[in-house]
Amino acid sequence: MISTCSRIFAGSLLTVKPTHNTRALSFARTLSHRLSGSRFQVRAMANSATPFKKVQIQRDDTTFDAYVIGKDDAPGIVVLQEWWGVDFEIKNHAEKISQFDTGYKALIPDLYRGKVGLDVAEAQHLMDGLDWQGAVKDIQASVNWLKSNGSNKVGVTGYCMGGALAIASSVLVPGVEAVVAFYGVPSPELADPVNAKAPVQAHFGEDDAIVGFSDVKTGKALEEKLKTSGVPYEVYFYPNIGHAFMNKSPEGVERRQKMGMPDVEDAAVELAWSRFRSWMSRFLSA
């Protein structure tokens, strides 16, 4: 059964709001017109020169692959994928995170079990088929693995689909010390942020058109729920910016351009990263 999170995300592709940025195209038009029939052939990072170590993690009666980078004894951060899967961009994010400050051990759990969407239709199909409750169990197992392998404290971060799961982890996953979520909010059916138990920082673009998932109204509603929860929280909104604005690698920029998404100024991305660093340092430092 497709979760409410997937239904909101998929439905929002057809329900968009106008924005004041004339260059910002709706996510719906972007996906249905700009990418119809196209495929993104991307450079894989999982090759002989990859800095990642592949590990297997067990939970319940199954195992899944995860990709780890960083110092063995550093604080851990679980890095959660967008709807594309474990592709070049999420690995770029994890590698960058591992190098922040005195270093982190970043771990990417493969929620799709080896599958990667090379176009929007594939990515939508993969996300629609995701067992969201099972993904939360994967996150719990990832947190446990990090704590059993040298990380005294562990945070969770994610982007788009992964952002929603990161917030869900603040509600459902014991042992999480801090969460940073980018442009994604879970449905109350999965996890209501009013019940958050870990500190949450969240980031949204003011021109994000994915209604009910990452638009400003949804971000503001999240802010009110976090206020009620009593946990430390920060919610940021970035003007003249839409969805997926953290994807600034050369491949990510190319994909955004093919999707008809407007350019994002480096200053806004660096500001978001600086806030990420401050938050994780605040709660994960020894």
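Strand E7 (residues 200-205) is joined to strand E8 by six bridges, and the two strands run parallel, where strands are DSSP runs of E with at least two residues, helices are DSSP runs of H or I with at least four, and both are numbered from the N terminus. Two strands are taken to pair if DSSP finds at least two bridges between them. Within this pair, Gly205 stands opposite Tyr238 in E8. Helix H7 (residues 216-229) lies across E7 and E8 and runs at about 165° to E8; angles are taken from 0 to 180 degrees between N-to-C directions, with axes fitted as lines to C-alpha atoms, for helices over the stretch in contact. Helix H9 (residues 266-284) also packs on the sheet, touching strand E3 (76-80), strand E5 (154-159), strand E6 (178-182), E7 and E8, and its direction makes about 165° with that of E6.

The model is predicted; local features require a pLDDT of at least 70 and side-chain atom pairs a pLDDT of 80 or more, whereas totals for chains, interfaces and linings use all residues. Residues are numbered from 1 along each chain as its sequence is written, and side-chain values use heavy atoms, with hydrogens and water left out. The pLDDT, the predictor's confidence in each residue on a scale from 0 to 100, averages 86 for the protein, and 83% of the residues score at least 70. Over residues 13-48 the pLDDT is below 50, although this stretch has 74 contacts in the model beyond near neighbours in sequence, a contact being heavy atoms within 4.5 Å.

The eight strands form an open sheet of mixed pairing, in the order E1-E2-E4-E3-E5-E6-E7-E8. E1 and E8 (233-238) stand at the edges, each with a single partner strand, so one side of each is left without a neighbour in the sheet. The twist from one strand to the next averages 20°. Strands E1 (residues 53-59) and E2 (residues 62-69) run antiparallel and are joined by seven bridges, with Lys53 standing opposite Val68 in E2. Their hairpin has two residues between the strands, and Asp60 there takes a positive phi near 55°.

The axes of helix H5 (residues 132-148) and helix H6 (residues 161-172) come within 10 Å and cross at roughly 70°, which makes H5 roughly perpendicular to H6 (65 to 115 degrees). In H5, Trp132, Ala135, Val136, Ile139 and Gln140 meet Met161, Ala164, Leu165, Ser169 and Leu172 in H6.

Note on methods. Parallel < 35°, antiparallel > 145°, perpendicular 65-115°, else oblique.
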